[in-house]
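Please read these notes with the model open beside you. They go point by point.

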Amino acid sequence: MTLDRLRPLADRVLTPFVNASARIGLTPDAVSVLAFGLAAAAGGAFYLGPTDRLWYVIGALLVFLNGWLDLLDGALARRLGTDSKAGDLLDHVLDRYADIVMLVGLAAGIDRYPLGLAAITGVLMTSYLGTQSQAVGLDRVYGGLLGRADRLALMGFAGLAAAVVTEPVFELTLVGWLLAVFAVVGHFTALQRFVGAFRALS
C-alpha cells in the first residue's frame, strides 16, 4: 500500500493553493527550493529533538509542510504549463537531498549513525529504482510498500509521537525504530520495484 496512489485526490485538494500560488507569482522551481529549505529545517529540529522534545513536534510539522509543497510544485507546473525536464530534475535532486538531511537529523540526534546509513541507503535505492525504470523505457514507478509519501507521513507522525514517547524498546527509541523501518522496508521496496521492472523488460 502506498499513499502515492492518492495523488489524483491530492491534486483536486491542491487546486485552491495552486491558483493562489499562480496569482502571487510563485514558480514551481521556487516551491521546490522552499520545500527543501523546510526539509533542512526539519533535519535540524530532529537533531535537537532529544534535548527538547518540542523540537520533534516542530520537525514533524516541517515534514508535513515539505510533503505538501512537494505536491504543490508539480501541480503548479501543470497549471502554468511550465513542466519541463529541467524542473523535474531539480525537483528530484532536491527531494533526494531533503530525504538525506531529514534522516541525518534523526540519526544524529540519537547518535545512531550506522542505522541512519542503512535507512538512507534504503530510501535512496527506493527512489533510484523508481526513476531508473523510467530511464530504461518504462513508466516511473511509485509503488511498493513504502513510497515517498508514505515515508513523509511516517516521519511526521513518528516525530509527533517521539515528543511524548521517550522510553526505548529493545534499546531503540521510537526514532530508532523509524530508521530501522526505513532501512528494512526501504530496501524491500527497492527490490519490489527492481523485480517489477525486470519482469516488464524480460
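1. Contact here means heavy atoms within 4.5 Å. By that rule, and not counting residues up to four places away in sequence, Ala39 touches Asn66, Ala98, Val101 and Met102. Ala39 lies in helix α2; helices here are DSSP runs (H or I, at least four residues), numbered from the N terminus. Ala39 counts as buried because its relative accessibility is 0%, where buried means under 20% relative accessible area, exposed over 50% and partly exposed in between, with a 1.4 Å probe and protein chains only. Between the C-alpha atoms of Ala39 and Gly25, 14 residues apart along the chain, the separation is 23 Å.

2. A word on the source: this is a predicted model, in which local features need pLDDT of at least 70 and side-chain atom pairs count only at pLDDT 80 or more, while totals for chains, interfaces and linings use all residues. Residues are numbered from 1 along each chain as its sequence is written, and side-chain values use heavy atoms, with hydrogens and water left out.

3. Helix α4 covers residues 85-109, which is 25 residues. From its first C-alpha to its last it reaches 36 Å, close to the 36 Å expected at 1.5 Å a residue; the expected span is 1.5 Å times one less than the number of residues. Lys85 lies in this helix and counts as exposed, because its relative accessibility is 78%. The C-alpha atoms of Lys85 and Gly105 are 20 residues apart along the chain and separated by 30 Å. Just after α4, Asp111 takes a positive phi of about 60 degrees.

4. How do α3 and α4 pack, and at what angle? The angle is about 170 degrees, and the axes are 12 Å apart; axes are lines fitted to C-alpha atoms, for helices over the stretch in contact, and angles run from 0 to 180 degrees between N-to-C directions. α3 is therefore roughly antiparallel to α4, a label for angles over 145 degrees. Val63, Asn66, Asp70 and Asp73 of α3 make the contact with Asp91, Asp95, Ala98 and Met102 of α4.

5. The largest nonpolar core has 37 residues. Such a core is a set of buried Ala, Val, Leu, Ile, Met, Phe, Trp, Tyr and Cys residues joined through side-chain atoms within 4.5 Å. Met102, Leu103, Leu106, Met155, Leu179 and Phe182 have the most contacts inside it. Two or more residues come from each of α1 (7-23), α2 (28-48), α3 (54-80), α4, α5 (113-135), α6 (148-162) and α7 (174-201). The most come from α3, with 7 residues. Leaving aside neighbours within four places in sequence, Leu106 is in contact with Phe46, Met155, Val175, Leu178 and Leu179.

6. Ser127 is found in helix α5. Is Ser127 buried or exposed? Ser127 is buried, because its relative accessible area is 11%. Apart from neighbours within four places in sequence, Ser127 is in contact with Arg96, Asp99, Arg151 and Arg193.

7. Most residues other than glycine have a negative phi. Phe170, in the loop between α6 and α7, has a positive phi near 50 degrees. Glu171 lies in the loop between α6 and α7 and has a positive phi of about 70 degrees, although it is not a glycine. Phe170 is exposed, with a relative accessible area of 75%, and Glu171 counts as exposed at 68% relative accessibility.

Notes:
Angles under 35 degrees count as roughly parallel, over 145 as roughly antiparallel, 65 to 115 as roughly perpendicular and the rest as oblique.
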